[in-house]
Amino acid sequence: RALALTVVLDCSGSMAGDSIEAARRAVGRVLESLDPRDRIGLLRFGSTHHWETEGLVPASRDYLTRLR
């Protein structure tokens, strides 16, 4: 069964240093675990928000490489 996943990543000032690095590693591990049948959405937020994807997109290796 394919997975539909939206990742919300806190990039605010409170995430400086070790916290943001830990979050990046965690997101990287999540991305590595996805199958090409899965779909992923990625939202970064801080003082504003920014979607890195347009809705849920297929978790192709090329697209996951761009998200990393």
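The following legends describe close-up views of a predicted model.

Local features require pLDDT of at least 70 and side-chain atom pairs pLDDT 80 or more, whereas totals for chains, interfaces and linings use all residues. Residues are numbered from 1 along each chain as its sequence is written, and side-chain values use heavy atoms, without hydrogens or water.

**View 1. The surroundings of serine 12.** Serine 12 lies in the loop between strand S1 (4-10) and helix H1 (18-33); helices (H or I, at least four residues) and strands (E, at least two) are DSSP runs numbered from the N terminus. Apart from neighbours within four places in sequence, serine 12 is in contact (heavy atoms within 4.5 Å) with Phe45 and Gly46.

**View 2. The salt bridge of arginine 24 and glutamate 21.** A salt bridge is a side-chain nitrogen of Lys or Arg within 4 Å of a carboxyl oxygen of Asp or Glu. Here the N to O distance is 3.0 Å. Both residues belong to helix H1, three residues apart, about one turn of the helix.

**View 3. The salt bridge of arginine 44 and glutamate 52.** The closest N and O atoms are 2.4 Å apart. Arginine 44 has 34% relative accessibility and is partly exposed, a class between buried (under 20% relative accessible area) and exposed (over 50%), computed with a 1.4 Å probe on protein chains only. Glutamate 52 is also partly exposed, at 29%.

**View 4. The salt bridge of arginine 37 and aspartate 35.** In this pair the closest N and O atoms are 2.9 Å apart. Arginine 37 is exposed, at 55% relative accessibility, while aspartate 35 is partly exposed, at 29%.
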